[in-house]
Amino acid sequence: GESVGLHLPTLSVQEGDNSIINCAYSNSASDYFIWYKQESGKGPQFIIDIRSNMDKRQGQRVTVLLNKTVKHLSLQIAATQPGDSAVYFCAETTNDYKLSFGAGTTVTVRA
Amino acid sequence: DVKVTQSSRYLVKRTGEKVFLECVQDMDHENMFWYRQDPGLGLRLIYFSYDVKMKEKGDIPEGYSVSREKKERFSLILESASTNQTSMYLCASSFASFFYEQYFGPGTRLTVT
């Protein structure tokens with residue numbers, strides 16, 4: 001079946017550096033791609049989304065890049081802070097109310 | 001702030017028991033969702049509801065049912081709990097027009113023994 005997956009289960013980043021979290025997807029019919037952040041003991045929190053007709057979208061300290069040619073999605077976090085330590089999930093949807101989540105990447109920020 | 005609350009943070013039940021998980025949201029969201037989260041598998045959709053008394057199956061509905069009698073409340077029911085339903089259960093809600101921007105509750109860690 002089709003799935004959304006992340007390249008690496010863990011990522012360790014020095015505080016102040018930029019983080020790049022990658023995600024591969026296989027459903028070329030997906031309309032939206034979304035990133036969620038889940039801190040320890042909490043539910044996931046929406047970060048940013050990007051439509052399939054875009055290749056880049058910027059938010060506050062975050063940028064999402066979409067490469068439809070290779071079915072790749074990435075989340076870039078600028079100047080990573082300790083509060084960015086969390087599990088990051090990518091998700092995709094074909095506009096049918098259902099989100100398909102990847103397995104998640106655990107980001108650890110080193111002081 | 002959007003608030004999604006779940007009735008319990010931790011729950012321990014025995015095999016065969018009927019289990020009710022309750023979720024309440026205070027943002028007048030049309031959509032509500034139930035997911036389970038297991039290590040290495042991400043979040044998997046069990047059921048969702050886009051209106052009162054309306055429900056749709058997600059990817060893993062077997063062994064579960066849901067109820068939505070009021071807009072703000074969405075219940076997940078395990079008719080006869082089994083050990084393979086031990087998991088973290090997450091409730092979420094969203095506006096109809098932005099269904100992919102979901103607000104999650106803190107989760108209920110259910111253990112079935």
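The torsion about the S-S bond of Cys23(A) and Cys90(A) is about 55°, which makes this disulfide right-handed. In this predicted model, the sulfur atoms of Cys23(A) and Cys90(A) lie 1.9 Å apart. Cys23(A) belongs to strand β3 (residues 19–25) of chain A and Cys90(A) to strand β9 (residues 86–93) of chain A, so the bond ties together parts that are 67 residues apart in sequence. Both Cys23(A) and Cys90(A) are buried.

Over all chains, the structure holds two disulfides. In chain B, a disulfide joins Cys23(B) to Cys91(B), with an S to S distance of 1.9 Å. Here the torsion about the S-S bond is about -80°, so the disulfide of Cys23(B) and Cys91(B) is left-handed. Cys23(B) sits in strand β3 of chain B and Cys91(B) in strand β9 of chain B, and the pair therefore ties together parts that are 68 residues apart in sequence. Cys23(B) is buried, with a relative accessible area of 0%, and Cys91(B) likewise counts as buried at 0% relative accessibility.

Strand β3 of chain B also takes part in a sheet. Four strands of chain B form this open sheet, in the order β1-β3-β8-β7, with antiparallel pairing. Its edges are β1 (4–6) and β7 (64–70) of chain B; each has a single partner strand, so one side of each is left without a neighbour in the sheet. From one strand to the next, the twist averages 20°. Within the sheet, strand β3 (residues 19–25) and strand β8 (residues 73–78) of chain B pair in the antiparallel sense over six bridges. Phe20(B) stands opposite Ile77(B) in β8(B).

Attention now turns to strand β5 of chain B and its partners. Seven of the eight residues of β5 (residues 42–49) of chain B are buried, so this strand is largely enclosed by the rest of the structure. Strand β4 (residues 31–38) of chain B pairs with β5(B) in the antiparallel sense over seven bridges. The hairpin of β4(B) and β5(B) has three residues between the strands, and Gly40(B) takes a positive phi near 80° there. With strand β6 (residues 56–57) of chain B, β5(B) forms two bridges, again in the antiparallel sense. Tyr47(B) stands opposite Lys57(B) in β6(B). In the hairpin of β5(B) and β6(B), which has six residues between the strands, Lys53(B) takes a positive phi near 65°.

Asp38(B) lies in strand β4 of chain B, and its bridge partner in β5(B) is Gly42(B). Asp38(B) has a relative accessible area of 13% and is buried. Its side chain is joined to that of Arg36(B) by a polar contact of 2.9 Å. Beyond its neighbours within four places in sequence, Asp38(B) is in contact with Arg44(B), Thr86(B) and Ser87(B).

Gln102(B) is found in the loop between β9 (87–94) and β10 (103–104) of chain B. With a relative accessibility of 1%, Gln102(B) counts as buried. The side chains of Gln102(B) and Tyr35(B) are joined by a polar contact of 2.8 Å.

Terms used: Residues are numbered from 1 along each chain as its sequence is written. Chains are lettered from A and ligands numbered from 1 in the order in which they are written. This is a predicted model: local features need pLDDT of at least 70, side-chain atom pairs count only at pLDDT 80 or more; totals for chains, interfaces and linings use all residues. Side-chain values use heavy atoms; hydrogens and water are left out. Buried means under 20% relative accessible area, exposed over 50%, partly exposed in between (1.4 Å probe, protein chains only). A polar contact is a pair of N or O atoms within 3.5 Å; within protein, one must be able to donate a hydrogen and the other to accept it, and residues adjacent in sequence count only if both atoms are side-chain atoms. Two strands pair if DSSP finds at least two bridges between them. Axes are lines fitted to C-alpha atoms, for helices over the stretch in contact, and angles run from 0 to 180 degrees between N-to-C directions. Contact means heavy atoms within 4.5 Å. A disulfide is a pair of cysteine sulfur atoms within 2.5 Å.
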